[in-house]
Amino acid sequence: MNSEKNLPDRPEYVVPVEKAEKMEIDELLATLKADRNGLSQVEIEKRLEECGRNAIVAKTEPAWLKLLKFFWGPIPWMIEIAAVLSLLAKDIDDFLIISFMLVFNAVIGFWEEHKASNALDALKKGLALKARALRDGNWSEIDASELVPGDVVRLRLGDVVPADCKLVDGEYISIDQAALTGESLPVNKKIGDAAYSGSIAKQGEMIAIVTATGGDTFFGRTANLVAQAGNESHFQQAVMRIGNFLIAVSVFLCLVLSVVVLYRDHMHGTIDIAELLRLVKLVLILAIASIPVAMPAVLSVTMALGALAMSKKKAIVSKLQAIEEMAGVDILCSDKTGTLTKNELSLQSPVLFAAKDEEECVLAGALASKEENNDAIDLAIIGALKDRSRLDAYNQTEFVPFDPVSKRTEATAKDADGKEARYTKGAPQVVIDMCVMDDSTESKAVETVAEFAKRGYRTLGVARSDDDGKSWTFLGIIPMFDPPRDDSAETIRQAKEHGLRVKMVTGDDIAIAAETSGQLGMGTRIQAATDIFADYPPDHLPDREKELIDKADGFGRVFPEHKYGIVKALQERGHIVAMTGDGVNDAPALKQADAGIAVSGATDAARSAAALILTAPGLSVIINAIEIARQIFARMTSYTIYRIAMTIDIMVFVVLAMIAFPTIPGTGIAFKPLTAVMIIILALLDDIPIMTIAYDNTIIEKNPVRWDMKLILTLSTVLGAFAVLQTFGMLFIGMHKFGSQFLGTTIDLTHIQTMAFLQLVVGGHLMLFVVRTKKSMFTRPWPSLPLFAAIIGTQLLAALMCGFGWLVHPLPWALIGVVWAYNLVWMLILDVVKLATLRLLNNQAKHQTNFLDKLTRSLKHVASTLHQ
């Protein structure tokens with residue numbers, strides 16, 4: 001593992017645990033400038049000053065500064081400018097409405113960030129609180145945070161290892177380091193081995209010397225990766241691009257309007273202060289109309305309602321933006337142990353040698369086990385007995401537990417007749433060497449073990465001695481495997497149907513990874529992460545290694561930095577990556593991933609770094625989450641297209657109407673298409689009821705979906721342009737009938753303004769029926785009841801406002817009916833325009849793809865010819 005490249009400058013006596021493990025004990029003591037009797041108090045205080053405390057230092061940001069960041073950016077700037085202009089123009093009502101929406105958006109964003117727990121805090125909880133250290137020749141219990149490199153510590157059953165150490169004395173110790181390295185079983189350690197900070201002692205007791213503390217430990221580097229990890233979501237990028245697009249359109253139209261009005265007034269010689277103030281007022285109205293004030297709020301509410309739906313499917317969303325990211329995920333990196341597999345050893349059929357049958361072989365292994373020790377292998381062997389009552393016929397009189405030197409267990413037991421025998425199980429080669437057998441039998445045993453090893457199986461040799469250990473009979477070989485979960489293969493199949501590539505990521509050896517991956521239909525091209533990252537830090541891989549990662553079906557021998565580097569490499573190759581995990585070792589990758597997923601039973605560190613937390617075991621919940629995410633994404637896309645098109649409609653209509661018709665033709669009466677109050681009401685009617693789009697019925701896409709800004713901006717611009725024609729059509733009807741009778745009403749300026757207002761309300765909301773699906777609006781799925789009711793309710797409210805003159809000039813009911821009929825016809829026209837635009841864009845995309853395919857084939861042909 002390439003650990004030293006990522007460590008900051010440190011004192012020379014700080015030794016990374018990977019390096020310390022390769023050093024002789026005396027050499028290490030010399031490097032640490034320490035001895036087996038511990039450090040003096042003076043030296044300890046000096047090293048604490050140089051190395052700092054044995055703790056993870058988190059860089060925190062004040063809450064007020066986090067909140068202020070939500071007032072910074074293109075859309076907040078536009079809203080803030082509009083609020084200031086409202087205040088300058090003394091439009092207090094406008095100022096209050098705009099300010100409320102600005103604060104509302106900021107509070108929602110701040111709250112969502114605040115809800116996600118701090119991953120570094122969770123990592124801190126994993127550190128040991130106390131440690132037994134030898135100082136000035138005496139053993140004492142101290143705070144683990146006071147340990148320094150060179151300290152001598154004692155590790156025993158139940159201890160959390162307080163710092164990275166090298167074991168220097170004692171028989172053996174068994175350490176559970178699954179949360180750090182992903183290994184599914186406790187690891188048996190002996191003198192000279194390393195013990196990682198944050199791992200847990202399960203058996204035995206040993207003396208160790210501290211080699212690194214705090215941020216220099218294996219555990220601390222994981223925490224540092226968590227602090228560095230993270231990337232801007234595609235949702236943030238999309239909102240930024242939409243904001244930039246609307247800013248550009250708004251600035252352009254404001255400049256056009258300002259230049260035209262000033263030039264026209266200059267030609268008439270009428271420029272004065274009052275005219276300038278009126279121009280500022282017009283620009284203010286245009287700015288308000290152009291800003292999608294509620295867009296972040298509507299999209300956040302849409303995702304929040306989606307998060308509620310996901311929670312019912314056993315998936316809790318801790319970061320809202322993960323919903324949008326889940327919809328676009330095309331690669332899922334999955335941890336193996338406990339996620340794809342059951343995280344429990346399963347015995348396969350034993351290969352028999354001297355044993356009469358499988359049950360005799362397993363019984364011998366069970367007699368060489370001790371249930372109360374809670375050893376995973378012992379429990380698996382005992383649990384594999386078909387008839388556990390057979391153990392009751394034996395009395396175990398002596399038991400020698402496993403140790404890394406002998407590599408086996410041994411027990412003495414008497415049967416019901418009082419006959420005594422010894423039983424042993426352990427590393428096959430060790431047990432084979434103990435037994436008496438001919439060359440061909442021995443060769444068969446060795447070949448069997450090697451064959452199982454190639455397939456990733458662990459194996460145990462089992463033997464019995466009837467003469468007090470003088471000679472042993474080899475009974476058989478028991479293969480063990482952590483089997484796949486019952487639902488894993490089906491989940492992988494469903495993932496592929498949804499356009500996902502699933503890559504296994506595990507700390508186990510590549511043989512084990514390849515066997516599990518092959519059983520699940522994931523492929524067997526497994527790369528060793530230690531080889532890929534041997535010469536490069538995780539975040540600076542060359543293109544060749546990134547390509548290897550992209551093409552691999554999975555990875556074995558993976559450490560925390562590797563997981564982080566794998567995710568980052570895939571992202572740099574243009575993929576949207578989801579990463580599952582459950583341990584401390586997964587936290588950096590979970591945070592870096594576009595959608596980090598903490599599986600059921602995950603540690604606090606993994607949960608706090610993840611954006612999605614599963615409360616049911618296995619991966620099947622993820623498929624449900626992806627389907628819900630794609631539905632939500634479709635709703636967000638529909639709303640975005642609708643909102644941009646409506647903004648263009650209102651902006652372009654107001655500007656062009658002001659420029660083209662300074663007065664009503666033939667009358668000399670000054671003309672304004674909409675009043676300021678009408679624009680404010682339009683903003684409210686357009687956005688607030690549309691939050692029900694979060695409940696709309698949508699089609700679940702078969703493949704990952706992304707923000708296609710070309711499609712969104714092109715389609716919304718085309719629909720917006722036709723909507724402008726639609727609105728001008730209504731304006732021409734009003735102007736053509738100005739001063740004359742129309743359906744029993746003499747049309748005046750107020751009627752024209754109210755007709756234009758009602759046209760924008762009705763036409764806008766009917767457009768939502770058009771954009772909510774890429775197919776014809778008359779095909780399934782139909783609009784949901786909440787969306788349909790909200791649109792009809794808003795239309796009734798707008799009709800009542802116009803009919804009774806609430807906040808606008810009253811309009812006769814007959815004219816309201818004309819506006820409605822006019823918009824129903826245009827709804828059909830816009831649906832045809834939408835289908836034609838989408839067909840054109842799809843044909844364009846296919847043409848580009850075909851061109852690139854042909855170009856690639858041609859280049860390959862040329863390269864092949866040159867090679868020959």
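Here is a short chat about strands and sheets in this predicted model.

Q: What should I know about the model and the numbering before we start?
A: Residues are numbered from 1 along each chain as its sequence is written, and the side-chain values use heavy atoms, leaving out hydrogens and water. The model is predicted, with local features needing pLDDT of at least 70, side-chain atom pairs counting only at pLDDT 80 or more, and totals for chains, interfaces and linings using all residues.

Q: What's the strand order in the open sheet of 8 strands?
A: The order is β8-β22-β21-β20-β9-β17-β19-β18, with mixed pairing. Strands here are DSSP runs (E, at least two residues), numbered from the N terminus, and two strands pair if DSSP finds at least two bridges between them.

Q: Which strands stand at the edges?
A: β8 (315–317) and β18 (526–528). Each has a single partner strand, so one side of each is left without a neighbour in the sheet.

Q: How do β9 and β20 run, parallel or antiparallel?
A: Strand β9 (residues 331–335) and strand β20 (residues 577–581) run parallel, joined by 3 bridges. L332 has A578 in β20 as its bridge partner.

Q: Switching topic, which strands make the hairpin with D136 in the turn?
A: β1 and β2, with 2 residues between them. D136 has a positive phi of about 55°. The two strands, residues 130–135 and 138–143, run antiparallel with 6 bridges, and R135 stands opposite N138 in β2.

Q: And what about β1 and β3?
A: β1 pairs with β3 (residues 152–156) in the antiparallel sense over 3 bridges. There, A133 has V153 in β3 as its bridge partner.

Note on methods. Helix = DSSP H or I, 4+ residues; strand = E, 2+ residues; numbered from the N terminus.
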